[in-house]
Amino acid sequence: MNSQSMKGGDEPLNKTKATMLMQFLVSYLLVFLLPVASILLYYYPNSTQAAKEKEMAWNSHMTEQFMNAMDIFTRYVYDLPYELMRNRDLKIYLAPHDDYHRYILANEMRKYNATDGFIYNTLLYVKEVDYLFSKTGNVYTVDDFNRRGVGYYYESWPHGRMFEELDRLDAPLVRGVEAVVVPGNNRARMMTFLLPMPSGEQSPGVLLIQVLESTISRLAHTVSDSYNGTIFILDERGQPLVSTQTVGYEASPAFDQLIAGLAEQPPGAAIHQVEGKDYIVSHTVSERNGWQYVSLLPLTESLQTIRSIQWNSVLIFLLILLVEIVVIYISLRYNYHPIKRLVQAATELFQHRGLPAMSEVETIRYTLDQLSSDNSRLDEEVRRHQPIVRDSLLFDLASGRFESWEAYQRQGGAHAIAIAGARVTAAILSFAGYRGDEEALRVAVQQEEARLDGASDEIAGYLFPSVYPQEYILLATHEPNASLDEQLGAMQARLETAVGVAPAIGIGQAESSETPAGAHHSYLQALRAAEQLRLCRQSTLLRFAELAEPNSGSVAYSAELLQSLEMAILKNEAGMVQAVLERLLVHMRGEGMPSYRIRSVYANTVSILLSGLQRFRRDDVRLLRLTDAVLLHSYTLEQMADIMRDTADKLCDLMQAAKPEARAASSEEILAMLESQAFEADFSLQTMADHFGMSLSGFSYHFKKTVGHNFKESVERLRIHKSMQLLRESDAPLASIAEQVGYTNTSSFIRAFKKIAGATPGHYRDTQK
C-alpha cells in the first residue's frame, strides 16, 4: 500500500521534471538558436559573396588594364613593318645587288634603335641575300643563327625549319615564349613576332621582333603593384604565348580543361578550381588582335579567414548546443547543477590562443567582431585601390585610349570622373630637382586639385601622376573665355611656397571637348612644351603656341656632324672624336633648337658611341647596362651632355689603348711602300698611317716633310710616269692602262695625265710614235 502510494507520488514528479525539461530546452533554443541562425543563414553567405564579388571585379579590371597596355605596345609592333616600308631610303629589293645597298640597309635599320622600350631587338631578314639586319646595326648571316653565341639560336625551333617557314611566310605569326641563346652565349626567354614585308606570297623580307618575357612580366606589375596573380596570354587560336610568372599547374590537364572551357564562354570573372585550389578566373579577349587574356588569382587571405571563422563558429555553436542540452537534461533529472563548470570547460577548450579567458557569449561576440573586422579590412583595401584606378583611367584618357565619351563614361563614371565644358586643356607639372618628402608633394598637389575645382564654376580639373617620377598631369575642362592661364600661374606660386620648388609647367592648347581626341591632342602638345622646358629651361611656364619654329638647316648640319663622328671612330682618331662631340653639344644647346631634335641628336650620338664601344667590348655585360641606362630614361640637357662626354671618354681610352705604338718612318721606307703599292686602286694615306702606327693627320704632316710633296701628288706622279711607259711600249687601250696604274675610271686617269704631262694620253702616244 505504501509502495503503491510512493509510486503514485513519483509519477507527478516525473511528469513535472519532463515538462520542465521541455520548457527549458525550448526557451534555450529560442534564445540561442534564433540570433545564431540568422547569422548563419544571412550574414555569412552575404558577407562571403560580397567579398568574392569585389575580388572578382578588381581582378577583371586588372586583366583589362593589362590587355589595354599590351594592345598599346603591340600596336607599335604591328605598325613597324609599314613604317619601314614608308622609309624611302630602306630599299630591300636593292640589297641582293651589291654590298653598298646592304650597308645602307644596315644603317637605316639602326635608326630604329632605342625607339621603344617594349621591343628587345628587331631583325630584318632579306630572303634573296640570306642576311638579317638588326636595329643595333649588326648584320647576321643565316648560318649565324645556327651557331650558339654568334646569332640568335632558337633551342626549340630547328635552324632548317626556321628559315623554311620564314621563306614561305605570307601572314603575321607570333611564336610563344621560348628559350633563345643571344649573341654572347647568354640565354633569354622571349616571344617573337614574325611579320612579312609586305604581306603576301611575294614578300622580299620578314621582320622578326623579339620581346623579352621579363618585359611583359614587368608591364603586368606596373599596372598594379599589389596584384599577385598570374596572367596567361593566348593567341586567337588558343595557343599559349606567355605567362607573367611560372606556376606549377600550367601543364596540368585541369588547367587545359579550364582554358578550353573559357574559350566557349563570354568574357567575365568566376571562381574555378584547379588541382584542388580555388582561383578567381578572369577572361577577356582583345578586339585588336583576338588574343585571350586569362588571369588566375588565388582567393585572398581575407576570404579564407572568413571561411575558417565561419566553420569554426558553426562547430563551436553545435558543440555548445549539444553540451548544454546534455547538461540541462542531467541537471533536471538528477537535480545536479554543473552547468557553469561545463560552460567554463567548453569555453576554455575553444579559447583563442593569446587571448584572455572568455565566456561563451564573449567568444561568440569575439567571432562576430572578427568577421566584421575582416569585412571592413577588405572594404578598405578596395577603397585604397580606387585612386589608382582613377589615375589609370585619366592617363588612358590623355593617352588617346578612348574613341568616344560614351566608352569613357562606361569606365570613368563609376569613379566620379566627369568631363564637362566646351574646351579641354592639358598641362604637365614637373618637379624635377625636388628632394623633399614625396607624400608632402602628393598632398600639396591634391589640395591644388580641390582648389581648382572650387575656384570657378567654369573650370573642372583633375591632377594625377605621370609615368615619370615627380611629374603630374592636369586635365582641365572649361569654357572658351575661362582664365585657365591665370589659375595655373597662381597654382605654380602656391606650390613653390608649399614644397619649396616651382614646378615647370608645359601647357597644351585648348582643344574641343566634343571627343576624347581633344584631350589627347592637348596632352601631346603639353608634353612637347614640358620637354622643351626640361631641356632648355629659360622659364618655368611655357605654352605650346610659344614654341619657336625649328631651323630646317640644323638637320643637315647635325647629320654632317654625326657622319664626321662615325668617320673619326672608324679611323681611331680620339682627338677628332672629342672635337666633333663638343661641336655636337654646342649645336644641341643652340637657341631655338626644338626638344625633339635635341633628343634625336642625343640618341644618334650615343648609338654611334656605343657601337664604337662594342668593337672593343663585344661581350661586356656592363656595356649592356650602360645601353639601358643612357637610352631608356628621360634626362635634362646637362645630364645628356655628361653621358655623352663620359661615353666618349671611355671610347677614346679604349682607342688609345688599342692603337699600336708609333714607329719612325724613314724616307726610304715611305718611298719603298709607295713604289710597291701606289698602283693599287684602294691604296690610301690611311693605309700608310696604319702601317706605321701613326694618326692620319700626324702622318700626313710627316709624309710631306719627308718626301717634299703631299701624298696625293706623289701617288699621281708615280702613276702617270708608269702610264707614260706603258703608252710608249704597248698598244693597250686607255681603260686597260688606267686600271693597271690604279685608276678605277678612265676619265679620272685622263684628267690626272693632262694635269702632269700637259697633254692627253692619246696625244702623248701619237707624239711618241
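Which residues form one aromatic cluster with Tyr125? The cluster is made up of Tyr125, Tyr140, Phe145, Tyr152 and Phe163. The model in which they are found is a predicted one.

A pair of aromatic rings is described by the distance of the centres and the angle of the planes. In this model the count comes to 21 aromatic pairs, with ring centres within 6.5 Å taken as the rule. One of them joins Tyr131 and Phe133: the ring centres lie 6.3 Å apart and the planes meet at 50 degrees, so this pair is tilted. Phe133, with a relative accessible area of 1%, is buried, because the cut-off for buried is under 20%.

A further pair is formed by Phe232 and Phe255. Their ring centres are 4.7 Å apart and their planes are at 50 degrees, so this pair is tilted.

The charged end of Arg175 sits over the ring of Trp157, at 4.0 Å from the ring centre. Likewise, the charged end of Arg719 sits over the ring of Tyr743, at 5.4 Å from the ring centre.

The next stop is a loop. Ile92 is located in the loop between helix 1 (2-85) and helix 2 (99-110). Apart from neighbours within four places in sequence, Ile92 is in contact with Met85, Leu124, Val126, Met197 and Pro204. Of these, Leu124 is 32 residues from Ile92 along the chain, and the C-alpha atoms of the two are separated by 9.5 Å.

The last stop is a pair of helices. Helix 18 (residues 667-677) packs with helix 20 (residues 696-707) at an angle of about 100 degrees, and their axes are 10 Å apart. Angles of 65 to 115 degrees count as roughly perpendicular, so helix 18 and helix 20 are roughly perpendicular to each other. Helix 18 contributes Ser667, Ile670, Leu671 and Leu674 to the contact, while helix 20 contributes His702, Phe703, Thr706 and Val707. By class, this contact has five nonpolar residues, three polar residues and no charged residues.

Terms used: Residues numbered from 1 in each chain as written. Predicted model: local features only at pLDDT ≥ 70, side-chain atom pairs only at ≥ 80, totals over all residues. Heavy atoms only, no water. Axes fitted to C-alpha atoms, helices over the stretch in contact; angles between N-to-C directions. Helix = DSSP H or I, 4+ residues; strand = E, 2+ residues; numbered from the N terminus. Parallel < 35°, antiparallel > 145°, perpendicular 65-115°, else oblique. Contact = heavy atoms within 4.5 Å. Nonpolar A, V, L, I, M, F, W, Y, C, P; charged D, E, K, R; others polar. Phe/Tyr/Trp six-rings, centres within 6.5 Å; stacked < 30°, edge-to-face > 60°. Buried < 20%, exposed > 50% of the residue type's maximum accessible area, 1.4 Å probe, protein only. Lys NZ or Arg CZ within 6 Å of the ring centre and 35° of its normal.
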